[in-house]
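Student: I have a new structure open and I'd like to learn how to read it. Could you walk me through it?

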Amino acid sequence: MRRKPKFKIPSKYMLISLTLLCAVFVYASFTMNLSGNPLNTAAGYIFIPMQRGINYVGRWISDKTDNLKDLKDVMEENARLKTQVDELTSELNTIKLEQYELNNLRELLELDQKYPSYEKVAANVIGKDAGNWFSIFTIDKGKKDGIEPDMNVIAGSGLVGIVTDVGPNYAKVRSIIDDVSKVSGMVLTTSDRCIVHGDLQEMNANQNILFTDLKDSDDEVEAGDPVVTSNISDKYLQGILIGYLSSIEKDSNNLTKSGTVTPAVDFEHVAEVLVILDKKESGEEE
């Protein structure tokens with residue numbers, strides 16, 4: 001049995017009908033009261049929230065764009081300031097270094113004027129033995145500059161040590177704080193003589209060296225008195241400041257005294273020195 005064909009509306013008629021219906025709605029929306037218009041009401045529920053959402057998203061994107069621009073500006077300013085700080089820090093370090101070198105040169109000039117009768121040559125320290133102290137170190141002047149073994153070396157406020165070895169353009173110096181160093185000294189206030197010994201252990205503990213064999217029969221020597229190289233020293237020129245008495249004790253023989261001396265030179269920071277080109281005549285060190 002054949003089925004009856006269903007009734008179908010042609011597509012073009014359906015399209016025409018929908019177009020007319022939309023036209024009617026549009027006309028009604030303009031001619032009728034908007035507040036009571038169902039189409040307008042439906043649009044209010046649908047399109048107004050959508051518009052609000054679009055506006056919110058737009059403002060959010062705009063704010064984020066402004067924030068990103070501000071962040072970029074801040075980062076660029078921070079980079080510029082960091083570069084400026086680095087430049088200023090470098091300039092400050094250069095100024096500090098120049099000031100440090102100027103202070104050292106001023107000290108050497110004052111020291112040179114303190115011993116005007118001696119001919120001297122300035123030298124830079126270019127190397128040292130291991131450890132905190134400049135007990136044995138190398139300078140950048142040698143035979144070509146007239147330097148010879150046993151020449152006295154001074155810096156800061158007084159005696160550093162003596163030249164022990166010389167090359168064409170370098171020399172080695174043993175300072176008075178080295179364990180094997182020994183200098184004949186004299187207490188400047190009383191002219192009493194003593195022997196000053198280097199002692200790195202005492203330097204590490206108290207930043208002092210030792211003295212022995214002080215003959216102070218009148219008990220006139222006091223802590224703080226200056227000690228200089230004596231006239232009977234074999235290799236050290238007379239009158240160069242060694243340091244200051246920091247402690248004094250009477251020996252068990254009740255005839256001599258011993259104790260410690262604070263060096264006049266900062267043996268932790270020796271950068272430039274003066275080598276005295278005058279030498280003392282050879283003999284036996286006391």
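**Reading the barrel, core and salt bridges**

Tutor: Strands here are DSSP E runs of at least two residues, numbered from the N terminus. Keep in mind that this is a predicted model, where local features need pLDDT of at least 70 and side-chain atom pairs count only at pLDDT 80 or more, while totals for chains, interfaces and linings use all residues. Residues are numbered from 1 along each chain as its sequence is written, and side-chain values use heavy atoms, with hydrogens and water left out.

Student: Which strands does β12 pair with in the antiparallel sense?

Tutor: Strands of a sheet pair through backbone hydrogen bonds, either parallel or antiparallel. To count as a pair, two strands need at least two DSSP bridges between them. Strand β3 (residues 152-155) has 2 bridges to β12, and β1 (residues 120-128) is joined to β12 (residues 272-276) by 5.

Student: In what order do the 6 strands close into a barrel?

Tutor: The order is β1-β2-β5-β4-β3-β12, with antiparallel pairing.

Student: Which way do the residues of β12 point?

Tutor: In a regular strand the side chains alternate between the two faces of the sheet. Here Glu272, Leu274 and Ile276 point one way, Val273 and Val275 the other, and all are buried. Buried means under 20% relative accessible area, exposed is over 50%, and partly exposed lies in between (1.4 Å probe, protein chains only). With 5 of its 5 residues buried, β12 is largely enclosed by the rest of the structure.

Student: Which residues have the most contacts inside the largest nonpolar core?

Tutor: A nonpolar core is a set of buried Ala, Val, Leu, Ile, Met, Phe, Trp, Tyr and Cys residues joined through side-chain atoms within 4.5 Å. The largest one has 52 residues, and those with the most contacts inside it are Phe137, Ile139, Ile147, Val163, Ile176 and Val273. Strand β4 (residues 158-166) gives the most to this core, with 5 residues.

Student: How many salt bridges does a search of the whole structure find?

Tutor: It finds 5, each a side-chain nitrogen of Lys or Arg within 4 Å of a carboxyl oxygen of Asp or Glu. One of them links Glu148 with Lys279, the closest N and O atoms being 3.4 Å apart. Glu148 lies in the loop between β2 and β3 and Lys279 in the segment after β12, so the pair ties together parts 131 residues apart in sequence.

Definitions and conventions: Helices (H or I, at least four residues) and strands (E, at least two) are DSSP runs, numbered from the N terminus.
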